[in-house]
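Please read these notes with the model open beside you.

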Amino acid sequence: MKPAQILMVIMIVLGAVTGSTLATVAYLNRRQSGRINQNPLVLFQGGSATQNPSFEQPITLQRKQNASEFTQFRQRFLESVKRRDANFIRAVSTPQTKWSRSGTIDIETYKIDDSESNFWQAMEKAVGAGCAIEPNANVAEKDADSDVWVCPDMALNPISNSAGQAQVGILGENVNVRSQPNTRSDIIVVLSKEMVQFDTETFTNLPVSEQESINEIEGWTPVILNDGRRGWVQNRFVYYQNRDYRVSFVRSRGQWRLRYFLRGGSD
């Protein structure tokens with residue numbers, strides 16, 4: 001091979017090596033600057049996922065993370081309620097927390113230092129039955145990347161239960177309707193987030209002491225199913241719009257706060 005040809009081959013090889021090196025350096029620089037991310041989900045941020053429809057949008061991942069954070073907080077909150085920890089309730093409350101629609105009462109009205117206060121059962125029932133995102137909540141000091149949560153999760157049609165208590169909502173999933181007001185009786189059917197009729201006739205015929213137990217979380221509510229059968233549901237899974245409470249939580253400045261504790265009907 002002539003010297004000129006040898007020189008040309010050497011130059012071609014050097015050029016290829018140099019180009020490959022520069023490409024590698026450029027790739028590493030882009031990767032360090034965040035322009036290239038090995039997580040394919042990030043490629044769809046702010047746009048469509050048509051390039052690979054099998055991946056979820058990042059906002060879904062963010063919502064899952066927020067839900068996980070709230071679940072952990074809800075568990076701590078529920079444990080504090082079961083302990084009757086008044087200091088914890090005060091710690092997560094703010095001057096903006098609403099305790100009535102009219103604003104005429106405050107936290108001390110509920111006598112939370114008394115472990116026998118009705119506040120504790122009402123709060124345990126609301127938070128223990130599950131919570132859902134409140135999509136249209138307008139909260140001024142809400143963290144931008146957080147959702148507002150409301151408890152219990154009432155994914156039901158509006159409840160019509162005035163003085164006659166026509167209907168009640170079944171809270172949660174896979175709730176047992178039993179033949180008698182105890183956990184040893186037969187299960188008639190299992191319901192999830194459904195409306196059932198309040199059994200006024202059965203309730204009226206109960207002794208007064210048993211009628212009063214309908215206000216207790218461990219008590220039982222007589223119901224009539226859509227097919228006409230009668231049964232009983234434990235009170236912790238039954239929502240009375242005019243009597244039971246709704247609770248809302250919001251994350252503000254990195255901390256979960258109690259937004260409101262309001263009775264379903266009026267103050």
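1. Contact here means heavy atoms within 4.5 Å. By that criterion, and not counting residues up to four places away in sequence, N235 touches K125, S213, I214, N215, E216, I217, G219, W220, T221 and Y240. N235 sits in the loop between β8 (230-234) and β9 (238-239). Helices (H or I, at least four residues) and strands (E, at least two) are DSSP runs, numbered from the N terminus. Is N235 buried or exposed? N235 is buried, with a relative accessible area of 1%. Buried means under 20% relative accessible area, exposed over 50%, and partly exposed in between (1.4 Å probe, protein chains only).

2. Ground rules. This is a predicted model, in which local features need pLDDT of at least 70, side-chain atom pairs count only at pLDDT 80 or more, and totals for chains, interfaces and linings use all residues. Residues are numbered from 1 along each chain as its sequence is written, and side-chain values use heavy atoms, with hydrogens and water left out.

3. Overall numbers. The chain has six helices and 11 strands. Of its 267 residues, 36% count as buried. Among contacts with a separation of 6 or more, 56% are between residues 24 or more positions apart. The chain exposes about 16000 Å², and carbon and sulfur atoms supply 51% of that area. Accessible areas come from the Shrake-Rupley method with a 1.4 Å probe; for residues, only the protein chains shown count as cover.

4. The sheet. Four strands form an open sheet in the order β1-β2-β10-β11, with antiparallel pairing. The edge strands are β1 (132-133) and β11, and each pairs on one side only. Two strands pair if DSSP finds at least two bridges between them. β1 and β2 have two bridges, with I133 opposite W149 of β2. Helix α4 (residues 118-128) packs on this sheet and touches β2, β10 and β11. The direction of α4 makes about 70° with that of β10. Axes are lines fitted to C-alpha atoms, for helices over the stretch in contact, and angles run from 0 to 180 degrees between N-to-C directions.

5. Strand β10. How many of the eight residues of β10 (residues 245-252) are buried? Seven are, so the strand is largely enclosed by the rest of the structure. Three bridges join β10 to β2 (residues 149-151), and the two run antiparallel. Eight antiparallel bridges join β10 to β11 (residues 255-263).

6. R259. This residue lies in strand β11. R259 is partly exposed, with a relative accessible area of 22%. Leaving aside neighbours within four places in sequence, R259 is in contact with Q96, T97, K98, E134, A137, V139, V148, S248, F249 and V250.

7. The cores. A nonpolar core is a set of buried Ala, Val, Leu, Ile, Met, Phe, Trp, Tyr and Cys residues joined through side-chain atoms within 4.5 Å. Which of the 27 residues in the largest nonpolar core touch the most other members? They are F77, I89, F119, M123, F249 and F261. α2 (58-82), α3 (86-92), α4, β2, β10 and β11 each supply at least two residues of this core. The largest share, six residues, comes from α4. F77 is in contact with F88, I89, V92, M123, V127 and F249, leaving aside neighbours within four places in sequence. A second, separate core of 13 residues includes V175, V177, V223 and Y240.

8. Helix α4 and its ends. α4 is mostly covered, with eight of its 11 residues buried. Those buried are F119, W120, A122, M123, E124, K125, A126 and V127. After α4 comes G130, with a positive phi near 110°. S117 lies in the loop between α3 and α4. S117 is buried, with a relative accessible area of 11%. Beyond neighbours within four places in sequence, S117 is in contact with Y110 and K111.
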